[in-house]
Amino acid sequence: MTLKARAREKVERAGISNYSFDQDILVMCGVRYTVEACDCGEPDCDGVRLTKHLNAINRNFQ
Ligand SMILES: [Zn+2]
């Protein structure tokens, strides 16, 4: 399964349907998240980590 597919699964499992992908960036509620593989080894880890993408969040609109 691709990282993107895992991220999609994770988001949908969380009950969020309002999301989209911009290339490899996940966009949820106007917030962009980078999708990274997670190899922490936790038993409940789903192998994907979403990190808030801090650059370029509506900077132009302030
Ligand atoms: Zn993990």
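Predicted model: local features only at pLDDT ≥ 70, side-chain atom pairs only at ≥ 80, totals over all residues.
Local features are given where pLDDT is at least 70, and side-chain atom pairs count only at pLDDT 80 or more, while totals for chains, interfaces and linings use all residues. Residues are numbered from 1 along each chain as its sequence is written.

The protein contains one helix and four strands. Helices (H or I, at least four residues) and strands (E, at least two) are DSSP runs, numbered from the N terminus. Along the sequence the order is α-β-β-β-β. Of the 62 residues, 6% are buried. A residue is buried if 20 or more other C-beta atoms lie within 10 Å of its own, exposed if 12 or fewer, and partly exposed in between, with C-beta atoms placed from the backbone. Contacts were also computed, two residues being in contact if their C-beta atoms, placed from the backbone, lie within 7 Å. Among contacts between residues at least 6 apart in sequence, 29% join residues at least 24 apart.

Gln23 sits in the loop between β1 (19-22) and β2 (25-28). Gln23 is classed as exposed because it has 5 C-beta neighbours inside 10 Å.

Cys29 occupies the loop between β2 and β3 (31-37). Cys29 has 7 other C-beta atoms within 10 Å, so Cys29 is exposed.
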